[in-house]
Amino acid sequence: MAGVFFAVGLYLMDAIRLPWNGMVPGRSIGGGWKGALVLGLIFGVGLGPCTFAYMAPVLGVVFSVAATNPLHALSLIAAFGIGHCG
């Protein structure tokens with residue numbers, strides 16, 4: 001994943017040229033829910049380790065609250081997930 005980020009960064013700085021094999025802007029290759037799923041998986045793998053520092057305290061609070069009020073704990077983790085995805 002890091003190699004892809006470096007390659008795209010070098011391409012954007014015009015340091016290297018990448019062949020795009022006739023990709024035309026405006027023409028969708030992987031649209032719809034399948035494209036969104038793949039894009040989400042790629043970003044999840046790339047950004048997952050970065051978000052753990054923010055997610056660990058939330059999970060600590062959720063686990064401590066879940067012992068007494070599971071519905072409140074579920075709402076806390078759902079609110080975090082909705083805010084994170086939004």
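This passage walks through the predicted model of one protein chain, from its overall layout down to a few single residues.

A quick word on ground rules: the model is predicted, so local features need pLDDT of at least 70 and side-chain atom pairs count only at pLDDT 80 or more, while totals for chains, interfaces and linings use all residues. Residues are numbered from 1 along each chain as its sequence is written, and side-chain values use heavy atoms, with hydrogens and water left out.

The protein chain has three helices and zero strands, where helices (H or I, at least four residues) and strands (E, at least two) are DSSP runs numbered from the N terminus. Along the sequence, that reads as α-α-α. Of the chain's 86 residues, 5% count as buried; buried means under 20% relative accessible area, exposed over 50%, and partly exposed in between (1.4 Å probe, protein chains only). The chain exposes about 7100 Å², with carbon and sulfur atoms supplying 75% of that (areas by the Shrake-Rupley method with a 1.4 Å probe; for residues, only the protein chains shown count as cover).

Helix H2 (residues 32-66) and H3 pack at an angle of about 165°, with their axes 8 Å apart. Axes here are lines fitted to C-alpha atoms, for helices over the stretch in contact, and angles run from 0 to 180 degrees between N-to-C directions. That angle makes H2 roughly antiparallel to H3, a label for angles over 145 degrees. The crossing of the two is right-handed, meaning that the near helix is turned clockwise from the far one by less than a right angle. Where they meet, with contact meaning heavy atoms within 4.5 Å, H2 brings residues including Tyr54, Met55, Leu59 and Val62, and H3 brings residues including Leu76, Ile77 and Phe80.

Phe63 also sits in H2, but at 62% relative accessibility it counts as exposed. Its C-alpha atom is 9.9 Å from that of Ile77, 14 residues apart along the chain. Over in H3 (residues 70-85) there is Ser75, which is partly exposed at a relative accessible area of 38%. A polar atom of the Ser75 side chain lies 2.7 Å from the backbone oxygen of His72.

Finally, there is Asp14, found in the loop between helix H1 (2-12) and H2. Asp14 is exposed, with a relative accessible area of 69%. Most residues other than glycine have a negative phi. Asp14, although not a glycine, has a positive phi of about 60°.

Technical notes. Polar contact = N/O pair within 3.5 Å; in protein donor to acceptor, adjacent residues only side chain to side chain. Parallel < 35°, antiparallel > 145°, perpendicular 65-115°, else oblique.
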